[in-house]
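Biologist: Hey, can you walk me through this one? I'd like to go through the contacts bit by bit.

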Amino acid sequence: QEQLVESGGGLVQAGDSLKLSCAASGRSFNLYAMAWFRQAPGKGREFVAIISRNGGSTAYGNSMKGRVTISRDNAKNAVYLQMNNLRPEDTAVYLCAADRLDRAFFNDVYHDPDQYDYWGQGTQVTVSS
């Protein structure tokens, strides 16, 4: 079982950059594709990015495409989300999620939060104008 803990959120100004981290405590991190979602108050979880188990494939949601980069370090059991040129509408709780054996990724259902096996608690990102 994977336990996921996000960090790196905070209060920033519009145009700033921020790098989020998600640390996994299980021993099977390299069996999971890893994704980032975000959830604004009163809204559902929105897909941001996903990276395959070996890091060779990535996909991005439309809302932040071109402003975010997902990466992972399997030796450190960690996945990252580099966010640039942040906007006030990016304000949300950012959560990482684990997709066992790239199943959701390669079945093209990775936008659906119900497809994921494990979730972290999230880290708050607030962007002021």
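Biologist: Which residue does Asp117 form a salt bridge with?

Modeller: Asp117 pairs with Arg103, and the closest N and O atoms are 3.9 Å apart. Keep in mind that this is a predicted model.

Biologist: Where are those two in the chain?

Modeller: Arg103 is in helix α1, while Asp117 is in the loop between α1 and β10. They are 14 residues apart, and the pair links distant parts of the chain.

Biologist: Is Asp117 buried, exposed or partly exposed?

Modeller: Asp117 has a relative accessible area of 36%, so it counts as partly exposed. Arg103 is partly exposed too, with a value of 34%.

Biologist: How many salt bridges does the count come to?

Modeller: The count comes to five salt bridges. Some of them share partners, and that joins Arg38, Glu46, Arg67 and Asp90 into one network.

Biologist: What joins the side chains of Arg38 and Asp90?

Modeller: A polar contact of 2.9 Å. Asp90 also meets Arg67 in a salt bridge, at 2.7 Å from N to O.

Biologist: Where do Asp90 and Arg67 sit?

Modeller: In two loops: Asp90 is in the one between β8 and β9, and Arg67 is in the one between β6 (58–60) and β7. That pair links distant parts of the chain, 23 residues apart. Both Asp90 and Arg67 are buried.

Biologist: What else does Arg38 touch?

Modeller: Leaving out residues up to four places away in sequence, the contacts of Arg38 include Gly44, Arg45, Ser63, Glu89, Tyr94 and Leu95.

Biologist: New topic: rings. How many aromatic pairs are there?

Modeller: The count comes to eight aromatic pairs. Take Phe37 and Tyr116: their ring centres are 5.2 Å apart and their planes are at 80°, so the pair is edge-to-face.

Biologist: How many residues apart are Phe37 and Tyr116?

Modeller: They're 79 residues apart, so to speak a link between distant parts of the chain. Phe37 is in strand β4 (residues 32–39), and Tyr116 is in the loop between α1 and β10.

Biologist: Buried or exposed, those two?

Modeller: Phe37 is buried, at 0% relative accessible area, and Tyr116 is buried as well, at 7%. Another edge-to-face pair is Phe105 with Tyr110, at 5.5 Å centre to centre and 80° between the planes. Both Phe105 and Tyr110 are buried.

Biologist: Which residues form the aromatic cluster?

Modeller: Phe37, Phe47, Phe105, Phe106, Tyr110, Tyr116 and Trp119 form one cluster. The ring of Trp119 also has the charged end of Arg45 sitting over it, 4.4 Å from the ring centre.

Biologist: And what sits over the ring of Tyr80?

Modeller: The charged end of Lys19, 4.8 Å from the centre of that ring.

Biologist: Now the inside. How many residues are in the largest nonpolar core?

Modeller: It has 26 residues, and those with the most contacts inside it are Met34, Trp36, Leu81, Met83 and Tyr94. Elements giving two or more residues to this core include β3 (18–24), β5 (46–51), β9 (92–100) and β11 (123–128). A second, separate core has 10 residues, among them Ala33, Ala35, Tyr110 and Tyr116.

Biologist: What does Met34 touch?

Modeller: Not counting residues up to four places away in sequence, its contacts include Leu4, Cys22, Phe29, Ile51, Ile70 and Val79.

Methods:
Residues numbered from 1 in each chain as written. Predicted model: local features only at pLDDT ≥ 70, side-chain atom pairs only at ≥ 80, totals over all residues. Heavy atoms only, no water. Phe/Tyr/Trp six-rings, centres within 6.5 Å; stacked < 30°, edge-to-face > 60°. Helix = DSSP H or I, 4+ residues; strand = E, 2+ residues; numbered from the N terminus. Buried < 20%, exposed > 50% of the residue type's maximum accessible area, 1.4 Å probe, protein only. Lys NZ or Arg CZ within 6 Å of the ring centre and 35° of its normal. Core = buried A, V, L, I, M, F, W, Y, C linked by side-chain atoms within 4.5 Å. Contact = heavy atoms within 4.5 Å. Polar contact = N/O pair within 3.5 Å; in protein donor to acceptor, adjacent residues only side chain to side chain. Salt bridge = Lys/Arg side-chain N within 4 Å of Asp/Glu carboxyl O.
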